[in-house]
Amino acid sequence: MPKDSGIGASSKRREDVRFLTGAGNYTDDINVHGQAYVHFLRSDIAHGRIKSIDTSAAETMPGVVKVFTGKDFEGVGGMPCGWEVTDRHGAPMQEPPHPILAQGKVRHVGDPIAAVVADSLEQARDAAEAIELDIEELPAVLDMKAAAQEGATLVHDDLKNNICYDWHLGEADNDKVNEVFANAAHVTTLDLVNNRLVANPMEPRVAVAEYSRGTDEYTLYTTSQNPHVIRLLMCAFVLGLPEHKVRVVAPDVGGGFGTKIFHYAEEAFCTFAAKACNRAVKWTSSRSEAFISDAHGRDHVSRIELALDADNNFIGLRTDTYANMGAYLSTFSSSVPTWLHGTLMAGNYKTPVIQVNVKAMFTNTVPVDAYRGAGRPEATYQLERVVDKAARELGVDPIALRRQNFITQFPYDTPVALTYDTGNYDGTMDKLEAAADLAGFAARRAQSEANGKLRGLGINCYIEACGIAPSNIVGMLGARAGLYDAATVRVNATGSISVMVGAHSHGQGHETAFPQVVADMIGIDESMVEIVHGDTSKIPFGMGTYGSRSLAVCGSAMVKATEKVIDKAKKIAAHLLEASEADIELKDGQFSVAGTDKSVAWGDVTLTAYVPHNFPLEVEPGLEETAFYDPANFTFPSGAYACEVEVDPETGQVSIEAFTAADDFGNIINPMIVDGQVHGGIGQGIGQALLENCAYDENGQLLSASYMDYAMPRADDVPFYSVDHSSQTPCTHNPLGVKGCGEAGAIGSPPAVINAVLDALNSGGKSIDHIDMPVSPSRVWAAMNG
Amino acid sequence: MTQVSMTVNGQAVSGDVEGRTLLSSFLREHLSLTGTHVGCDTAQCGACVVHVNGEAVKSCNMLALEADGADVGTIEGQAAEDGTLNVIQQAFQDHHGLQCGFCTPGMVMSAAALLKENPRPTEGEVRKYLEGNLCRCTGYHNIVKAIMAASGQDVSNIAAE
Ligand code: FES
Ligand code: FES
């Protein structure tokens with residue numbers, strides 16, 4: 001019987017009412033009286049030396065308040081990187097400055113050179129056109145392998161080369177790895193590209209900043225997944241402002257997918273300019289601007305090799321990856337190809353020897369950072385593609401090969417630094433086989449063939465590491481931040497509850513799911529609990545929402561704070577009931593004395609807490625508790641996906657005929673929301689596999705710079721998905737037993753799609769090992785006719 | 001500046017606009033009807049869809065002056081006076097047809113136009129019709145399902161949720 005409220009219920013989302021009636025409050029909906037507008041003049045060349053910037057004409061244009069260039073920011077810090085990676089020789093990564101406005105050089109198309117603040121946006125734009133630039137164009141550094149060569153043009157003149165770091169994880173001894181491969185019965189090798197993507201949340205980025213001379217206080221409204229992180233980075237590392245004088249508010253956020261984690265120059269600029277102009281300033285990104293200023297995702301070029309013994313056991317794995325950082329280090333860019341990627345290379349398999357090598361490269365392209373999955377999709381794609389290729393080469397069933405090599409004993413220490421606490425990969429695969437009716441595939445293929453189409457089935461497994469932590473470990477690995485989270489549970493006198501949380505929903509439905517937990521713990525109606533988030537002046541210091549961490553980390557803090565509240569309320573109830581605290585039980589919102597019919601209601605206890613006339617003297621009045629929670633380990637969601645495609649051999653057109661996901665997310669709070677997260681992730685993964693590609697020409701011009709050229713998945717490109725999350729092995733180390741579900745779909749789906757396309761092509765009698773994403777009709781046609 | 005007058009959600013409104021002012025800007029900035037969203041600058045995303053004389057129109061792709069004298073409907077006018085959601089809005093909530101909510105006003109307005117011309121669309125017809133509406137969050141599954149449900153069709157058998 002599905003529950004109708006509390007943990008496990010598909011409660012309808014309360015936030016939907018405002019979103020469905022046009023009453024959402026997104027950052028661009030905020031206007032401050034008297035605000036001025038910012039327009040950034042951005043580089044239209046990929047690489048150049050700035051010889052002069054003449055703003056004199058622009059400054060006299062109508063409506064112009066002030067024109068800023070890099071010079072205005074010489075006294076403040078640049079945009080910080082939040083993770084210092086140590087290379088294979090123990091040296092810190094090369095970390096070039098990242099100014100708010102370009103200084104000396106422009107390094108990618110879109111690099112901001114100057115900013116005009118004016119009374120209207122049109123005036124700001126017109127004035128920006130009057131700025132005279134003299135920029136000497138330099139050769140653009142684009143190809144990562146060429147960029148790594150000795151003597152390559154430098155993106156940053158002060159660095160010794162274009163290599164941010166050369167890093168490794170796992171087995172360090174090359175001889176040992178070589179020996180494993182030399183002794184292998186079979187080695188499968190695959191070269192592949194994980195295509196560069198643009199996250200493209202439908203809401204473009206916006207920043208509105210105001211400053212009050214009277215109080216020396218700033219408020220920044222911004223499209224962010226983590227307002228406290230933005231405040232900390234901006235205050236401590238960029239502008240040098242006292243945090244208590246700065247309020248950062250992220251109101252309703254229209255999607256993020258990672259790209260709204262990072263602290264962006266435009267946020268710092270607006271905050272700085274609000275004081276410099278003594279006037280509120282607003283910047284709204286156009287979509288065209290988003291394509292050249294939002295951090296991009298993925299962009300790895302890899303070679304992966306899998307060694308198998310004569311019984312098809314995986315005995316060794318080696319990968320070499322070039323990872324594009326773009327022109328500067330975005331906030332978490334350095335961690336993505338390393339600790340969020342190398343650590344995932346064991347996947348679901350007990351491969352004993354793994355070596356991961358990563359070179360992170362500077363190029364004259366937009367900075368690259370976390371995008372839904374962040375490193376984990378790149379790892380999964382390599383691994384699951386090479387496993388599939390091995391199965392084809394060996395002529396064995398790809399599911400059987402996977403099952404044979406699954407990790408079955410938990411906890412399991414991987415050779416790449418993780419300890420999986422729990423999982424049931426065979427059980428999840430069983431669910432997939434049933435849900436996707438794999439037994440019926442042959443008949444479906446025959447039907448497609450009768451219609452002149454090729455049909456393919458692609459299987460994929462994934463493991464994810466979510467809720468990144470614990471802080472002391474990530475600190476050792478180079479993180480410059482903690483990765484705990486916090487919640488304050490404020491019980492009001494009449495028993496209703498406000499929960500202030502560090503996590504920040506940008507579509508995940510926290511306002512609905514979080515109250516389900518608190519209400520369930522106390523036994524009151526969900527409507528009695530509300531979530532407050534997104535405003536540093538209201539919430540405790542928390543790290544925000546990304547990496548599928550909200551419920552696993554912030555939800556755990558919320559549970560702990562609620563437990564503290566309940567403990568205190570029990571003391572008050574014991575006093576009121578004249579019983580011993582140890583005998584007090586809380587159920588359905590009633591405190592009762594065990595074994596008696598004496599009870600007192602939640603509301604009477606909460607009222608007593610605030611009107612403490614009849615009250616235990618040793619207890620403080622009030623009922624409000626805060627908890628911080630630092631996880632003991634990552635959580636490890638896992639799953640098995642199946643994709644069925646049809647390929648039209650005449651045109652190379654691929655259509656997704658069926659997509660089935662079987663996930664193990666541990667315990668689930670709101671199944672409806674979890675399903676929705678998986679759907680959305682699969683949609684993005686199909687987008688990466690079939691449609692999306694961020695392409696630069698040889699001069700560093702972004703070719704796919706609008707929705708005309710960057711193919712976003714549309715309703716007609718995807719099918720209904722089938723989602724099964726009945727395989728549940730609860731996380732062993734957080735109080736809710738939850739693992740996180742936000743990124744799984746985007747991690748698990750691209751390899752399933754590509755494996756399916758290759759299965760279809762090979763069923764047509766061809767032998768085709770690989771095809772790069774996105775599998776456009778022209779690529780498929782070329783593969784078939786090549 | 002030119003004066004423009006129109007009816008928006010049943011109310012007569014007017015304002016002074018520049019020739020280049022878009023209908024989307026007029027709604028958002030002059031009338032503070034911020035439910036109409038702007039997600040692109042190439043008329044591709046559909047976040048800005050409103051009704052103009054009963055037709056679904058991308059308001060970022062129409063000048064305010066072109067709507068002079070028109071009857072305009074926006075997301076703010078979809079629910080009943082007392083706030084009760086209309087059938088499409090309710091179906092979106094019931095079937096989790098939205099996550100971040102940014103594409104949602106355009107989706108609801110497009111869906112209303114679709115159901116007006118095709119009261120019982122098939123899955124394929126819904127997907128085709130939504131060609132001009134991008135959603136990055138939902139993978140479209142629950143949007144298509146919600147629209148079919150709003151048309152009175154039984155959606156309980158659509159692939160496991
Ligand atoms: S804002 Fe009108 S179509 Fe994108
Ligand atoms: S719900 Fe976020 S874009 Fe559709």
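A disulfide here is a pair of cysteine sulfur atoms within 2.5 Å, and a search of the whole structure turns up 0 of them over all chains. This is a predicted model, where local features need pLDDT of at least 70, side-chain atom pairs count only at pLDDT 80 or more, and totals for chains, interfaces and linings use all residues. Residues are numbered from 1 along each chain as its sequence is written, chains are lettered from A and ligands numbered from 1 in the order in which they are written, and side-chain values use heavy atoms, with hydrogens and water left out.

- A:Cys235 is in no disulfide, and the nearest cysteine sulfur, that of A:Cys270, sits 15 Å away.
- A:Cys235 is also buried, with a relative accessible area of 2% (buried means under 20% relative accessible area, using a 1.4 Å probe and protein chains only).
- A:Cys643 is in no disulfide either, its nearest cysteine sulfur being that of A:Cys461 at 14 Å.
- A:Cys643 is buried too, at a relative accessible area of 0%.

**Helix H6 of chain A**
- Helix H6 (residues 227-239) of chain A has 10 of its 13 residues buried, so the rest of the structure largely encloses it (helices are DSSP runs of H or I, at least four residues, and strands are E runs of at least two, numbered from the N terminus).
- The buried residues of H6(A) include A:His228, A:Arg231 and A:Cys235.
- Their cover includes strand E11 (217-222), strand E12 (246-249) and helix H7 (265-276) of chain A.

**Around A:Ala609**
- A:Ala609 lies in helix H16 (residues 602-610) of chain A and counts as buried at 0% relative accessibility.
- Leaving out residues up to four places away in sequence, A:Ala609 touches A:Ile572, A:Phe615, A:Pro621, A:Gly622 and A:Leu623 (contact means heavy atoms within 4.5 Å).
- A:Thr494 is 115 residues from A:Ala609 in sequence, and their C-alpha atoms are 9.9 Å apart.

**Where chain B meets chain A**
- The contact takes 52 residues from chain B and 55 residues from chain A.
- The two chains bury about 4500 Å² between them, 57% of it on carbon and sulfur atoms (the accessible area, 1.4 Å probe, that two parts lose on being put together, summed over both).
- There are 5 salt bridges between chain B and chain A (a side-chain nitrogen of Lys or Arg within 4 Å of a carboxyl oxygen of Asp or Glu).
- A:Glu692 forms a salt bridge with B:Arg136, with the closest N and O atoms 2.7 Å apart.
- On the side of chain B that touches chain A, helices H2 (87-94), H3 (104-117), H4 (123-129) and H5 (141-150) of chain B each supply at least two residues.

Conventions:
Buried < 20%, exposed > 50% of the residue type's maximum accessible area, 1.4 Å probe, protein only.
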